[in-house]
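Dear colleague,

Please find the structure below, handed over for your own work.

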Amino acid sequence: MALEQHYLAGLDLRGRRVLVVGGGTVAQRRLPRLIASGAAVELVSPSVTPAVQGMVDAGELTWHQRRYEAGDVEGAWYVVACTSNVEVNTQIGEEALSQRVFCVRADIAVEGTAVTPATGTHDGMVLGVLAGGEHRRSASVRDGLVAALRDGRIADQAAPPVGVALVGGGPGDPELITVQGKRLLAHADVVVADRLAPRELLEELPAHVEVVDAAKIPYGRAATQEFINQTLIDRAKEGKFVVRLKGGDPYVFGRGFEELLACAEAGIPVTVVPGVTSAFGVPALAGVPVTHRGVAHEVVVVSGHVAPDDPRSLVDWSAIARLQGTVVLMMAVERAGAFATALMEGRPGTTPVAVIQEGSTASQRVYRSTLDSLGADVKAWEVRPPAIIVVGPVAGIASANS
């Protein structure tokens, strides 16, 4: 087993010149963290990968499109030699050594004066692991540390979050919540949960966490928005950290911004954590792409909580019907037939339709229909909410996963 003797330190590279020689895949991996550190990165290479070209085009670094030349190291605070030529990397290392500039050799690490650790991030921290050149070992330990921090197996003594977090839990599968959402949920004193929020996540909460039921059952019992807003405010004013856990994404027909405004008016700080919206995530998991090259150049997400002829409707159904792409209907099960009729004002009755009930969960059911049969089919299949209805040519594309 190799003995790790490098001194692990954090370098402040903000505004300081960093030289990277070589524009291949190694540079592509190293550059993002250097850029994120605020370094003034200069890249020397005759050519670069498309991803590196994108960084250049975005103005994130300066590219000198040529080969390495003696003198390039002058004025640099840090050097990364990652060309495919060992002799060139050796020349870079020697020049850096002569100028007392730390240099990373990507080809032969022990020949450099610095090495790049396996790094990971967690809640504003950067973790680095060195293992005497055993890269797989350092990477696996890094992964284990980050995972342990994220799921609470390693205590993090950071100051606990305050106020309210609006967290999108995704379409139902607990694995689809974001890393940030899962981390904030682990800090919660109070969780105000929707009916469609991943239920398994609530089971994982410690016993001391208060869970407030904010379910809105379609055409049945429902917590009022006023009750939800006031609960968020009251609990936060008690000094508790409150997570408002929603299904899908808080801002996609989730009233998330209403809750943010209510908290802001009460002086409560709010953190917004977007989630995987069921409008796109559920069809994807059911084998229905909402866009597809040569098939759909637009996708429109429409709320179905009011009928097309309802005076409260804000939807221009005649315009939606004339579109050729994809229409995703949410909360539309009860009025599926009415929406189909409205869409047939501009689309043929044979337009393919996919209906996905309880998407991403073990109870997921997928049905295929057409606009002219949708109303009758939904009743015959006894489809119940939550369900996503996808209308358009993409619904007729078959896949091995559907």
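The notes below cover the conventions, then the cysteines, then the sheet.

This is a predicted model, in which local features need pLDDT of at least 70 and side-chain atom pairs count only at pLDDT 80 or more, while totals for chains, interfaces and linings use all residues. Residues are numbered from 1 along each chain as its sequence is written, and side-chain values use heavy atoms, with hydrogens and water left out.

Cysteines. The search of the whole structure returned zero disulfides, a disulfide being a pair of cysteine sulfur atoms within 2.5 Å. C82 takes part in none, and its nearest cysteine sulfur, in C103, lies 9.7 Å away. C82 counts as buried because its relative accessibility is 9%, where buried means under 20% relative accessible area (1.4 Å probe, protein chains only). C103 is likewise buried, at 2%.

Sheet. Five strands form an open sheet with mixed pairing, in the order β13-β14-β17-β15-β16. Strands are DSSP runs of E, at least two residues, numbered from the N terminus, and two of them pair if DSSP finds at least two bridges between them. At the edges, β13 (299-303) and β16 (365-370) each pair on one side only. Within the sheet, β14 (residues 326-330) and β17 (residues 387-391) are antiparallel over four bridges, and V328 has V390 of β17 as its bridge partner.

Kind regards

Technical notes: Buried < 20%, exposed > 50% of the residue type's maximum accessible area, 1.4 Å probe, protein only.
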